[in-house]
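Morning, everyone. Please look at the screen. I'll take you through one protein chain.

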Amino acid sequence: MVGINKAALAAVLAFLPLSVPAYAAGPAFPSLEALASLSGPVHISALPELPLPARTPWDGFSGEDLFQALHSALVPTVSPVPSYAQAKTYMFSTAEGRDCGGAPGILAFYSQVCVAGSGSSGNDYRERGDQNGDGTVDKFMNAEHIWPRGFSKGALPMASDLHQLAPTLFTPNGRRANLRFAVVPDPVYSTDSGSRLGSEGFEPADAVKGNVARAVLYFVVRYYDRDIRNGADYRDFWTARVPMFLEWNRADPPDEAERRRNGLVESFQGNRNPFVDDPSLADRIGPSVFRAH
Ligand SMILES: [Ca+2]
Ligand SMILES: [Ca+2]
């Protein structure tokens with residue numbers, strides 16, 4: 001650690017909340033009676049109010065000092081590390097559950113459509129018609145690794161870290177594969193939400209560009225010193241695209257659903273994504289420091 005005021009860092013670490021796993025807790029939803037009548041995109045009702053996220057005192061930190069302070073603070077308080085199966089179960093049953101116009105469901109990440117269903121597996125969520133307008137009807141959902149799983153050889157804790165997992169319909173998940181994120185002007189595949197595939201890579205819908213950026217920023221801060229570059233062109237996937245991720249973080253700030261999810265993930269795995277609590281932290285670290293990791 002370079003140049004950090006140790007007293008200030010100790011104060012930061014002491015402030016971090018302790019957490020208890022909540023694998024079994026699930027949201028209360030209305031009955032499934034309304035499911036039969038659902039088809040196509042559904043209006044998404046407002047999510048319940050939650051307390052403001054725990055604030056950590058990062059005042060006075062910037063650049064490399066801030067990067068390293070966050071890196072130290074992001075070590076989870078939950079042990080042992082959840083398995084990938086546990087993480088997927090929690091994601092589908094709890095972290096992503098929401099009200100889809102009076103019935104339970106999940107918002108498909110890249111497609112931004114509410115997929116009706118309830119349960120702890122992606123198999124419990126089936127596209128009703130071609131909801132996302134990509135020309136296929138998907139029979140289930142997957143857990144998307146925003147930082148491709150293979151880049152970490154499927155190892156824990158990276159593979160089960162819910163801050164970088166997202167529920168996606170089968171086809172957009174496969175189209176993204178392990179491609180770099182990019183702006184795609186002339187797509188060969190797209191969803192109505194604006195997620196697009198082209199020779200440049202995969203462009204997420206505007207509604208989740210910031211979510212993607214904050215997941216990637218978190219991932220690098222948390223795991224830069226781990227084996228996360230297996231089979232990756234790291235310069236092309238990350239280093240050269242730092243300015244794009246910082247721009248996406250600014251253009252699509254966290255909304256209520258993303259902040260709520262941050263708290264639910266914390267209760268599962270024992271750490272928060274600090275860029276969701278305070279997206280300005282990313283620019284305070286700055287592009288040159290991010291590129292150097
Ligand atoms: Ca579809
Ligand atoms: Ca967003």
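Among contacts in the protein chain between residues at least 6 apart in sequence, what percentage join residues at least 24 apart? It's 72%. Keep in mind that this is a predicted model.

Now the parts. The protein chain has 11 helices and 8 strands. It runs to 293 residues, and 44% of them are buried.

Next, the core. In general, nonpolar side chains in soluble globular proteins tend to be buried together. Here, the largest nonpolar core holds 62 residues. Ala108 and Val216 have the most contacts inside that core. Which helix gives the largest share of this core? Helix α5, residues 206-223, with 10 residues.

Now find helix α7, residues 242-251. Which residues are buried there? Val242, Phe245, Trp248 and Asn249. Those four cover an arc of only 125° around the axis, so they sit on the same side of α7. Remember the rule: an α-helix has 3.6 residues a turn, so residues three or four places apart point the same way.

And the other side of α7? There, Pro243 and Ala251 are exposed.

Last one. What covers the buried residues of α7? The cover includes α5, along with α9 at 274-277, α10 at 280-285 and α11 at 287-291.

Conventions
Residues are numbered from 1 along each chain as its sequence is written. Chains are lettered from A and ligands numbered from 1 in the order in which they are written. This is a predicted model: local features need pLDDT of at least 70, side-chain atom pairs count only at pLDDT 80 or more; totals for chains, interfaces and linings use all residues. A nonpolar core is a set of buried Ala, Val, Leu, Ile, Met, Phe, Trp, Tyr and Cys residues joined through C-beta atoms within 7 Å. A residue is buried if 20 or more other C-beta atoms lie within 10 Å of its own, exposed if 12 or fewer, and partly exposed in between; C-beta atoms are placed from the backbone. Helices (H or I, at least four residues) and strands (E, at least two) are DSSP runs, numbered from the N terminus. The arc is that of the directions from the helix axis to the C-beta atoms. Two residues are in contact if their C-beta atoms, placed from the backbone, lie within 7 Å.
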